[in-house]
Amino acid sequence: MSCDGDHCVTCSDEAVPMRVAEVRAGALALCDDTEVMTDLVGAVEPGDVLLVHAGVAIARAEA
Amino acid sequence: MKFVDEFRDAELGRVLAAEIVATVEPGRHYKLMEVCGGHTHTIYKYGVDDLLPENVELVHGPGCPVCVIPMGRVDDGIAVARHERVIFTCFGDMMRVPGGDGTLLEAKAAGADVRMVYSPLDALRLAKENPDREVVFFAVGFETTAPSTALTLRRAKAEGVRNFFVYCNHVTIVPPLRALLESPDLRLDGFIGPGHVSTVVGARPFEFIPSDYGKPVVISGFEPLDLLQSIYMLLRQLAEGRCRVENQYTRVVPYDGNPQALAVLSEVFELRPHFEWRGLGFISHSALKLSPTYEQFDAELRYAVPGVRVADPKACQCGEVLKGVIKPWECKVFGTACTPERPIGTCMVSSEGACAAYYNFGRFAREREVV
């Protein structure tokens, strides 16, 4: 994920769905190649889909 | 991916478009504002406006965080970036926003150490990797982005990082909406509410729009069908004489927001007494600064920030575009002197800016119309 291309998801108000690949210590998770803060969505497990904005999961995309 | 693909279904889109046509009263003009720049982007990218009847007009609101940053704040950021020990970090679009004295990209070309990051957490990581440097993060964004900065600062504090600073330009969505609603030259029938800001703050903060101003609000998701459904819900409210906050984006937005996010925001930030918005002027209590508990990370206290004030270029009409008073193509410099490659105004910089979105996806349709 980057700010290139036709769309800067970070500068916008958008969040993108990302799947958790690995759970890390300190309320962090590896989603694709990005380390994401998961403080706002509680405990996560590999396979969970999170809505990620600017490196933080702001919601879960799937219940 | 689930929750994405089904909201791009063309057949369902046509069904919704037909429902919209059946709901509008012929002869009545509807003016709806999409508050969020992400919505503007979706509308043009997927041609949502082409599916609407002619008497339903979409007006682009002030919800692009890059577009509302005044030039003076960019100049102040560049002044910080020029400090010898500083690594200045920011999101991609901010690099190209012109201040009165060039862009951060130009400052980088002239020797300043300016780096693009994906998140504030990346900037904090950079600080830990470079203990002999001072890393400053140019924080922009509404309530969607502010929690990311807040959580990063909480980590920096817990880990005792002393070479990480935040140049805080976070803004809040409700005060500029109120300012817009008070504006005498703006006549709107309803609002498409910002989906991801609402993930954090909830739908409740928008209740003042129906209660104080008599306009309906529908909080909307970002896929094309989300927007069509939200427009339909607004038109239904107008047809039935109802006026309330409705939530189309229920799969993500809780009515009362995210309590953890609200807690970290109130821990790390406090409201500034006033903040200047591009095109809207000074608005009280419309932006955030670091709270006293976190002031050791405040770049504005760490460095001599000049506090530059720069008037917008005369030819640029970003202010009117942000207020929805004119369409992007009605600006004198749109697509000629001001293009995404060489923007004069901020609305042309970010892909969420109304001008850039229109330039990239909508201008050909407009040209066809003119011909």
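In what order do the elements of chain A run from the N terminus on? They run β-β-β-β-β. The model described here is predicted. In it, the secondary structure of chain A comes to 0 helices and 5 strands. Chain A has 63 residues, and 46% of them are buried. Of the contacts in chain A that link residues at least 6 apart in sequence, 28% join residues at least 24 apart.

Chain B can be taken sheet by sheet. One open sheet has 4 strands in the order 4-3-5-6, with parallel pairing. Strand 4 (114-116) and strand 6 of chain B each have a single partner strand, so they stand at the edges and one side of each is left without a neighbour in the sheet. From one strand to the next, the twist averages 25°. Within this sheet, strand 3 and strand 4 of chain B pair in the parallel sense over 3 bridges. B:Cys90 stands opposite B:Met116, a residue of strand 4 of chain B.

Helix 5 of chain B lies across strand 3, strand 5 and strand 6 of chain B, and runs at about 175° to strand 5 of chain B. Helix 6 of chain B lies across strand 5 and strand 6 of chain B, running at about 160° to strand 6 of chain B.

Which residues of helix 5 (residues 120-129) of chain B are buried? They are B:Pro120, B:Leu121, B:Ala123, B:Leu124 and B:Ala127. These residues are on the same side of helix 5 of chain B because they cover an arc of only 155° around the axis. In chain B, the buried residues of helix 5 pack against strand 3 (86-90), strand 5 (134-141), helix 6 and strand 6 (164-170). They also pack against strand 3 (34-37) of chain A.

Helix 6 (residues 146-158) of chain B also meets helix 11 (residues 259-268) of chain B: their axes come within 9 Å and cross at roughly 65°. This crossing of helix 6 and helix 11 of chain B is left-handed. On the helix 6 side, the residues in contact are B:Ala146, B:Pro147, B:Ala150, B:Leu151, B:Leu153 and B:Arg154. Helix 11 of chain B contributes B:Ala261, B:Val264, B:Leu265 and B:Val268. By class, the contact has 9 nonpolar residues, no polar residues and 1 charged residue.

A further open sheet of chain B has 5 strands in the order 2-1-7-8-9, again with parallel pairing. Its edge strands are strand 2 (56-63) and strand 9 (245-247) of chain B, each of which pairs on one side only. Direction ignored, neighbouring strands of this sheet are turned by 20° against each other on average. Strand 8 (residues 217-219) and strand 9 of chain B run parallel and are joined by 3 bridges. The bridge partner of B:Val218 in strand 9 of chain B is B:Glu246. Helix 2 (residues 37-45) of chain B packs on the sheet, where it touches strand 1 (30-36), strand 2 and strand 7 (190-193) of chain B. The direction of helix 2 makes about 120° with that of strand 1 of chain B.

Strand 11 (residues 274-277) and strand 12 (residues 281-284) of chain B run antiparallel, joined by 4 bridges. B:Glu276 has B:Phe282 as its bridge partner in strand 12 of chain B. The hairpin has 3 residues between the strands, and B:Gly279 takes a positive phi near 80°.

Technical notes:
Residues are numbered from 1 along each chain as its sequence is written. Chains are lettered from A and ligands numbered from 1 in the order in which they are written. This is a predicted model: local features need pLDDT of at least 70, side-chain atom pairs count only at pLDDT 80 or more; totals for chains, interfaces and linings use all residues. Axes are lines fitted to C-alpha atoms, for helices over the stretch in contact, and angles run from 0 to 180 degrees between N-to-C directions. Helices (H or I, at least four residues) and strands (E, at least two) are DSSP runs, numbered from the N terminus. A crossing is left-handed if the near helix is turned anticlockwise from the far one by less than a right angle, and right-handed if clockwise. Two residues are in contact if their C-beta atoms, placed from the backbone, lie within 7 Å. Ala, Val, Leu, Ile, Met, Phe, Trp, Tyr, Cys and Pro count as nonpolar, Asp, Glu, Lys and Arg as charged, and the others, Gly among them, as polar. Two strands pair if DSSP finds at least two bridges between them. A residue is buried if 20 or more other C-beta atoms lie within 10 Å of its own, exposed if 12 or fewer, and partly exposed in between; C-beta atoms are placed from the backbone. The arc is that of the directions from the helix axis to the C-beta atoms.
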